Amino acid sequence: MPAAADWITLAEATEILAAANIHFRPSTIGSWARSGRLQSIKLGGRRYVRRGEIRALIAAPRRARVKDLQSSLFEDL
């Protein structure tokens, strides 16, 4: 079970994304949470999302398309 520190407010999630130059309004993140795109809980009328899921939005994709790679990288293979 996630620790209490793993849950952050929508405003905190917005700040984490803004620090990575990714700009969304808290209402957008709240919409994602309500629709199930982000795991969330609601306590006392406030919605909280998982810090790890927000940080995962910042992580670079781990896969690259073949057409996006430089063909010269594979000439020796």
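User: Let's start with the charged end of Arg 50: which ring does it sit over, and how far from the centre?
Analyst: This is a predicted model, so keep in mind that we're reading computed positions. The charged end of Arg 50 sits over the ring of Trp 7. Its distance from the ring centre is 5.8 Å.

User: OK, and is the pair formed by the rings of Phe 24 and Trp 32 stacked or edge-to-face?
Analyst: You describe a pair of aromatic rings by how far apart the centres are and by the angle of the planes. The structure holds one such aromatic pair. Here the centres of Phe 24 and Trp 32 are 4.8 Å apart and the planes stand at 65°. An angle over 60 degrees counts as edge-to-face, so the pair of Phe 24 and Trp 32 is edge-to-face.

User: Is Trp 32 buried or exposed?
Analyst: Trp 32 has a relative accessible area of 16%. Anything under 20% counts as buried, so Trp 32 is buried.

User: What is the bridge partner of Ile 41 in E3?
Analyst: Strand E2 covers residues 40-43 and strand E3 covers residues 46-50. They pair in the antiparallel sense over four bridges. In E3, the partner of Ile 41 is Tyr 48.

Notes:
Residues numbered from 1 in each chain as written. Predicted model: local features only at pLDDT ≥ 70, side-chain atom pairs only at ≥ 80, totals over all residues. Heavy atoms only, no water. Phe/Tyr/Trp six-rings, centres within 6.5 Å; stacked < 30°, edge-to-face > 60°. Buried < 20%, exposed > 50% of the residue type's maximum accessible area, 1.4 Å probe, protein only. Lys NZ or Arg CZ within 6 Å of the ring centre and 35° of its normal. Pairing = 2+ DSSP bridges. Helix = DSSP H or I, 4+ residues; strand = E, 2+ residues; numbered from the N terminus.
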